[in-house]
Amino acid sequence: MKKILLLFLLLSYSCFGQKQVHYPGFNSATNNHEITDFQGSWKINQLIVNDKIDEYILYPQNIGENRFNYGNNISINPDGTFRSAYSAPCGNDCFTSSTGKYKMIDKNYICFYLEKVTQSGNCSGNSTPNIDLGLYRIYQEESKIVLQRSNGDPQQDQKNLQYIDMLTAKYNEFSTCFNLQSFLKWSTTKQFTEASEIAAFCMAQNQIEDYEVLYDRSFQRTNLILLKIENKFRYVLYEGEIRYGIRVALLDDDFFENADSLVLKIDQDKLLKPTTIKDDYDYWRNPLSKNTLIVYKKKDQIQKIIYNIYNRENKYFKETFYFKDNQPNIIKIEPPTGEHFSYYVFDWKNMSGAVMKPTVQNWSFSGVMQYYHQFMKLVEKIK
């Protein structure tokens with residue numbers, strides 16, 4: 001987060017010298033014919049078919065890899081027109097295309113006007129929207145060009161860029177989790193067309209009145225909305241349900257942050273008193289066992305238990321249980337493979353009551369719970 005904010009500040013300084021871009025509408029806007037950088041054919045993340053999309057991403061076409069360039073493509077022509085279209089090697093598909101006009105305002109801004117949308121193949125339906133799609137800010141990156149909807153304010157554009165980075169980072173973070181879906185408190189509602197409507201529904205479900213919608217973005221399998229609630233960034237996650245509309249949930253970052261803070265607090269507490277005991281239960285199964293338990297207490301309350309495990313191949317595992325309200329709140333696992341991960345416990349009585357972060361194969365929370373209930377019979381004998 002600190003790196004993102006630092007980048008935002010640096011970008012903000014660079015935009016102070018830029019003036020507000022006045023956009024009078026497509027027909028009255030002036031086209032800069034000298035800017036030809038974007039003319040040609042590109043891959044595009046989604047077709048230009050309506051005025052609902054806030055972001056388009058253009059990628060160079062790779063002729064050597066796919067000379068037909070199947071998928072979504074766009075041609076930006078020297079005569080001020082564009083054509084976006086979907087193609088596929090198989091004719092058994094829905095083929096959509098659109099045509100319209102564009103104008104280069106300057107090197108940072110472009111505007112579009114959508115004239116016609118056509119469909120063929122396994123779908124049908126032509127339309128002539130004839131709508132002004134508005135202004136888009138151009139961000140050139142090494143391997144792509146991002147077109148982001150804009151009101152012409154350079155400082156707001158830089159904020160939006162920060163919001164996109166935050167949403168992408170959050171999506172990448174929870175995409176590595178296992179069982180997050182079970183942790184979230186979902187609510188189901190009808191299909192909404194606007195992110196503001198989805199956010200309003202979610203806030204009402206969570207009894208939150210004071211909030212600000214900052215930005216929303218779609219990802220491969222889900223969608224995220226960035227909000228500010230009580231001067232803190234929050235995220236709403238929503239997913240489409242074919243039969244029941246959509247399901248919506250407020251992502252509770254406090255749960256994970258509080259668990260991480262608990263780990264730091266316990267690990268730094270020098271007043272904890274450790275007691276080491278041998279794991280007699282495992283010795284009964286394996287006489288060569290070297291498993292031990294280190295129990296850390298404070299005022300007779302267990303704060304942490306380190307379970308040192310050696311399997312039959314003498315490979316070392318370490319499981320550390322951090323306690324809150326007399327039960328595990330977060331469990332850190334360190335297998336010999338080096339794939340360290342944690343279980344964030346939201347329902348200790350449920351075998352699916354923890355989020356694994358990040359996901360590691362061939363581990364189960366129920367198995368860790370079984371170990372815990374076994375060794376706690378020994379721990380409870382300690383005075």
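Q: Over the ring of which residue does the charged end of K304 sit, and how far from the ring centre?
A: In this predicted model, the charged end of K304 sits over the ring of Y296, 4.6 Å from the ring centre. The term requires NZ of Lys or CZ of Arg within 6 Å of the ring centre and within 35 degrees of the ring normal. R247 is likewise described: its charged end sits over the ring of W186, 3.9 Å from the centre.

Q: What do the numbering and the values rest on?
A: Residues are numbered from 1 along each chain as its sequence is written, and side-chain values use heavy atoms, without hydrogens and water. As the model is predicted, local features need pLDDT of at least 70 and side-chain atom pairs count only at pLDDT 80 or more, whereas totals for chains, interfaces and linings use all residues.

Q: Why is the ring pair of F317 and W363 given the name that it has?
A: The structure holds 25 aromatic pairs, a pair being two rings of Phe, Tyr or Trp (its six-membered ring) with centres within 6.5 Å; planes under 30 degrees apart are stacked, over 60 edge-to-face and the rest tilted. The centres of F317 and W363 lie 6.2 Å apart and the planes are at 55°, so this pair is tilted. F317 belongs to strand β17 (residues 316–324) and W363 to the loop between β20 (354–357) and α7 (365–379), so the pair ties together parts 46 residues apart in sequence. Helices (H or I, at least four residues) and strands (E, at least two) are DSSP runs, numbered from the N terminus.

Q: Do F317 and W363 count as buried, partly exposed or exposed, and why?
A: Buried means under 20% relative accessible area, exposed over 50% and partly exposed in between, with a 1.4 Å probe and protein chains only. F317, at 18%, therefore counts as buried, whereas W363, at 25%, counts as partly exposed.

Q: What makes the pair of F341 and Y343 edge-to-face or stacked?
A: Their ring centres are 5.5 Å apart and their planes stand at 85°, so the pair is edge-to-face. Both F341 and Y343 are buried. Ring pairs link these two residues into a cluster whose members include F317, W348, W363 and Y371.

Q: How do you know that strands β3 and β4 pair?
A: Pairing requires at least two bridges found by DSSP between two strands. Six bridges join β3 (residues 71–76) to β4 (residues 81–87), and the two run antiparallel. N72 stands opposite Y86 in β4. The strands β3 and β4 belong to a closed barrel of eight strands, β1-β2-β8-β7-β6-β5-β4-β3, with antiparallel pairing.
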